[in-house]
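Please read the points below with the model open beside you, and check each one by eye as you go.

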Amino acid sequence: MLGRLLSHPLTRNSAFMHLWAGQTAAEFGFQVATLATSAIAISLLHATESEIGILTGLQTLAFLLIGLPAGAWVDRWRKRRVMIVSDLVRVLALISIPIAYEWFSLTLTHLMVVAALLGLATVFFDVAYQSYVPVIASTRYIAAANGRLEASYQVGAAGGPGLGGWLLGVLAPPLAYVFTAATYVFSTVAIWRIKTPEPKPARPTASLFVQIREGLSFIRHERLLFPLFGCISFAAFTGSGVRVLLPILVLRTLGMNATQLGVLLSVGALGGILGAMTRSLWLERLGIGRCIVATYVVGVSILVLQPAALHVPAIAGWVIAGAGVVYSYFITIYNVTQMSLRQEICPKQMLGRMNATFRFAVWGVMPLGSVAAGILASIVGVEAAMYIFVVLSVLAGVAMAFTPAARIKDSYIALDPSQN
């Protein structure tokens, strides 16, 4: 397997390897910062469930507010430059937290402002990054490129929380953000070193509003994308609710510390690495459409065990981690498959707007799901709220089974050569 990896054309693609290295470093930092934010808000600043929901929601609020115009803007700009500027903004925002902690006073409001700034920079970075992959990797290798980048995400998800928990245990909690800032500096340098010429963006012949409308119209009239679009959006709403409640369940209800939370999240994410490595086996047996539906439904269904772990406190950590392994394994396969399908279908000149529209619908609803989960938990309790959001997540997957995309067996490009 290692020999095949080293001999793969993507490994000899310098531009992709730099992007991959930068993204891997940034994913480690992102996971550390996410854990630190939850731990600081819950344990140090004693935020309520509703405040934690708002804090988490602010990290993705920008996708809701400017997600659509960001796609049109990115289509007008050079993607590499957008990613570099976005990384630098994130570095400056992160450094402000340890400075405030050491010399002034760290407040929940400051944490919320930084979360919002990080979300703003991430909007542009993610839209540019997803639109940049087809520029540096040929259509034939888009799925392989996405698989490697998703594997990087899972490696970061596996190692990042554990590293973050260790940092929180030996350092003052806000100092964990210094490590995160360093990873974004590394990401900046790696992307800056990409030498592959990027085609000059076409001069827009229409207004920003018209370009946004074109992006929406493309998805609205794409028979494969639009139904899937709605299901993925609802899945993002429910998934964000589950994610915001898990740290509260572990840190507050079960009484564990940040280091233990980091270990649980790291162990759970190990399944994602295996998922990225075995995705092709599932595609061969199920085909694209059934692979998207089956892996999502199985992945989210297992999460019902996490709130149930409260009833077996002696092995609660093992149950939560085990459910996380299964979830991460199947959701990784789902994410890579549906993302690759979207990129294959979309014309290159529309990639920025298509990705931004999906980000708007997916990440844009996350703050709503986070806030809703926090409010619901304050009313019915964390355990009941988690059960509700897991069930709603499963229903989103069931709905995917009734979309045209669920019936795709082979590569879309193989079915429609005009898209190649």
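Is Gln-23 buried or exposed?

1. Gln-23 is buried, because its relative accessible area is 5%, where buried means under 20% relative accessible area, exposed means over 50%, and partly exposed lies in between, with a 1.4 Å probe and protein chains only. Gln-23 belongs to helix α2, which covers residues 14–44, and, once neighbours within four places in sequence are left aside, Gln-23 is in contact with Phe-125, Tyr-129 and Leu-149. Contact here means heavy atoms within 4.5 Å.

2. A word on the basis of these notes. The model is predicted, so that local features need pLDDT of at least 70 and side-chain atom pairs count only at pLDDT 80 or more, while totals for chains, interfaces and linings use all residues. Residues are numbered from 1 along each chain as its sequence is written, and side-chain values use heavy atoms, with hydrogens and water left out.

3. On the overall make-up, the secondary structure of the protein comes to 17 helices and zero strands; helices (H or I, at least four residues) and strands (E, at least two) are DSSP runs, numbered from the N terminus. Of the 420 residues of the protein, 55% count as buried. Among contacts between residues at least 6 apart in sequence, 88% join residues at least 24 apart.

4. The loop between α2 and α3 holds His-46, whose phi is near 55 degrees, a positive value in a residue other than glycine. Most residues other than glycine have a negative phi. His-46 is exposed, because its relative accessible area is 61%.

5. Helix α3 deserves a careful look. Within α3, the residues Ile-52, Gly-53, Leu-55, Gly-57 and Leu-58 are buried, and the buried residues of α3 pack against α2, α4 (61–76), α6, α10 and α15 (366–380).

6. Consider α3 beside helix α6 (residues 108–136): their axes come within 7 Å and cross at roughly 30 degrees, the axes being lines fitted to C-alpha atoms, for helices over the stretch in contact, with angles that run from 0 to 180 degrees between N-to-C directions. That angle makes α3 roughly parallel to α6, since angles under 35 degrees count as roughly parallel, over 145 as roughly antiparallel, 65 to 115 as roughly perpendicular and the rest as oblique. On the side of α3 the contact is made by Glu-51, Ile-54, Leu-55 and Leu-58, and on the side of α6 by Leu-108, Leu-111, Met-112, Ala-115 and Ala-116. By class, the contact of α3 with α6 has eight nonpolar, no polar and one charged residues, where Ala, Val, Leu, Ile, Met, Phe, Trp, Tyr, Cys and Pro count as nonpolar, Asp, Glu, Lys and Arg as charged, and the others, Gly among them, as polar.

7. The axes of helix α3 (residues 49–58) and helix α10 (residues 225–253) come within 10 Å and cross at roughly 140 degrees, and α3 and α10 are therefore oblique to each other. The residues that make this contact are Glu-49, Ile-52, Gly-53 and Thr-56 of α3, together with Val-244, Ile-248 and Arg-252 of α10. By class, the contact of α3 with α10 has three nonpolar, two polar and two charged residues.

8. Leaving aside neighbours within four places in sequence, Leu-225 is in contact with Phe-218, Ile-219, Arg-342, Ile-345, Met-354 and Phe-358. Leu-225 and Thr-403 are 178 residues apart in sequence, yet their C-alpha atoms are 9.0 Å apart in space.

9. Arg-90, in helix α5 (residues 79–103), is buried, because its relative accessible area is 5%. A polar contact of 3.2 Å joins the side chains of Arg-90 and Thr-122; such a contact is a pair of N or O atoms within 3.5 Å, of which, within protein, one must be able to donate a hydrogen and the other to accept it, and residues adjacent in sequence count only if both atoms are side-chain atoms. Not counting residues up to four places away in sequence, Arg-90 touches Leu-118, Ala-121, Thr-122, Phe-125 and Tyr-184.
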